[in-house]
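Visitor: I'd like to learn how to read a fold like this one. Could you walk me through it, feature by feature?

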Amino acid sequence: MGNWDFINENMGGHDSDGLPNFMRRPNFYDELNNPNLELHTMLTWNALQRVVKKGEKGVGCGRYKLFSLEQTTPFKLFYISKKNGKFRRIFSVMNKQKNQLRGLIPDLEKILLKHDLHQVNYAFTRNKNCVENAMQHIGYKYTISMDLENFFESINIDHVSKYLDKYITDQCFISGAPQQGLPTSPLIANLAFLDCDQAILNSLKKSSILSVYTRYADDLVISLNDKKDIGKVIFLISNIVNKYGFKINKKKTRIQNINNGRIIITGIAIDTRGVHPTRKTIKKIRAAQHQNNSSALLGLTEWSKCKLPKKNNQPKKYSKNLDYLDIDHVTNNTNIDDIPF
């Protein structure tokens with residue numbers, strides 16, 4: 001590629017003297033030569049652990065745009081390994097900004113409570129948890145589990161603009177998304193998917209599919225009794241999710257049949273009697289006991305109790321005729337093999 005082609009493609013063209021057009025911008029040289037401004041490209045700021053704020057206009061064109069310190073926000077990046085060998089990117093902002101974001105949480109909770117009319121989500125919400133999520137699917141024969149691919153990164157301001165003002169989104173979005181690691185991101189993610197939740201419920205009702213639908217963050221779960229509806233449900237939900245700017249991870253779509261044993265939903269096993277810890281959890285408890293890992297044993301034991309969240313005026317339907325596995329004896333140093341599994 002020649003020099004002129006490079007300028008035309010990457011720097012917004014040039015004039016008859018060969019000067020790139022972006023350099024004709026008013027105050028360009030004042031901005032560039034201002035000793036109080038430290039100008040870098042977006043990639044350079046990322047290397048310096050800062051990210052350009054959404055909507056900021058840089059000096060120049062394309063990937064060569066320059067941004068000042070005031071146009072960026074600080075962060076640290078952490079990477080957590082996932083089961084598929086890939087890594088989950090976690091953003092960590094400075095304490096001052098983190099405290100500011102935490103101060104927004106009460107308002108975000110009020111907004112979510114006001115607009116979440118269907119209450120199908122059980123993650124990142126007070127007085128709800130994955131046990132209650134799994135319980136909604138007791139009594140059905142088939143369960144379809146679907147996973148949203150890159151859920152947080154797929155969210156943009158348009159998903160929440162009717163719920164949140166610019167003051168909030170400017171603080172809660174980094175590089176155009178509510179990145180994982182920010183205190184406000186879980187609540188914003190729930191708001192972003194409300195319209196999609198409603199569309200899924202409407203579609204299931206319109207198609208006369210007798211089913212129950214719940215969501216736990218990026219895990220969509222649908223239970224039904226008619227095997228013929230399974231393919232239709234997967235098709236409908238995939239199309240709705242795509243319409244709202246999200247994508248189903250097809251590799252993680254799973255169909256379970258209660259006739260083949262307990263159904264696993266968000267790490268909780270269910271059958272016709274109630275909720276139970278999974279075999280995987282029991283194996284981890286045995287391993288922790290064998291390794292004398294008291295902290296892991298305590299955490300796993302609490303998890304395996306499948307406790308419902310504490311609520312005031314809890315509906316009776318959550319406890320009536322359900323068989324909960326009581327393994328308090330584990331904490332009393334009783335042999336783990338006594339658990340009836």
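Guide: Let's start with strand 5 (residues 142–147), which is mostly covered: six of its six residues are buried. Keep in mind that this is a predicted model.

Visitor: Which residues of strand 5 sit on one side, and which on the other?

Guide: The general idea first: in a regular strand the side chains alternate between the two faces of the sheet. Here, Tyr142, Ile144 and Met146 are on one side of strand 5, while Thr143, Ser145 and Asp147 are on the other. Both faces are covered, and all of these residues are buried.

Visitor: And how do I read the pairing? Which strand does strand 5 pair with over six bridges?

Guide: Strands of a sheet pair through backbone hydrogen bonds, either parallel or antiparallel. Strand 5 pairs with strand 7 (residues 219–224) in the antiparallel sense, over six bridges. To find your place along that pair, look for Ile144, which stands opposite Ile222 in strand 7. Strand 5 also pairs with strand 8, again antiparallel, over four bridges. There, Thr143 has Gln256 in strand 8 as its bridge partner.

Visitor: Is Asn249 buried or exposed?

Guide: Buried, with a relative accessible area of 14%; the cut-off for that label is under 20%. Leave aside the neighbours within four places in sequence, and Asn249 is in contact with Asp147 and Glu149. Asn249 and Glu149 are 100 residues apart in sequence, yet their C-alpha atoms are 5.0 Å apart in space.

Visitor: Let's do a hairpin. How many residues lie between strand 3 and strand 4?

Guide: Five, and Gly85 in the turn has a positive phi of about 90°. Strand 3 (residues 76–81) and strand 4 (residues 87–92) pair in the antiparallel sense over six bridges. One of the bridges joins Ser81 to Phe87 in strand 4.

Visitor: Last one, helix packing. At what angle do helix 4 and helix 9 pack?

Guide: Helix 4 (residues 95–115) and helix 9 (residues 185–192) pack at about 20°, with their axes 10 Å apart. That makes helix 4 roughly parallel to helix 9, since the cut-off for that label is under 35 degrees. The crossing is left-handed. In the contact, Ile105, Leu108, Glu109, Ile111 and Leu112 of helix 4 meet Leu187, Ile188, Asn190 and Leu191 of helix 9. By type, the residues of this contact divide into seven nonpolar, one polar and one charged.

How values were computed
Residues numbered from 1 in each chain as written. Predicted model: local features only at pLDDT ≥ 70, side-chain atom pairs only at ≥ 80, totals over all residues. Heavy atoms only, no water. Axes fitted to C-alpha atoms, helices over the stretch in contact; angles between N-to-C directions. Helix = DSSP H or I, 4+ residues; strand = E, 2+ residues; numbered from the N terminus. Parallel < 35°, antiparallel > 145°, perpendicular 65-115°, else oblique. Left-handed = near helix turned anticlockwise from the far one by under 90°. Contact = heavy atoms within 4.5 Å. Nonpolar A, V, L, I, M, F, W, Y, C, P; charged D, E, K, R; others polar. Buried < 20%, exposed > 50% of the residue type's maximum accessible area, 1.4 Å probe, protein only. Pairing = 2+ DSSP bridges.
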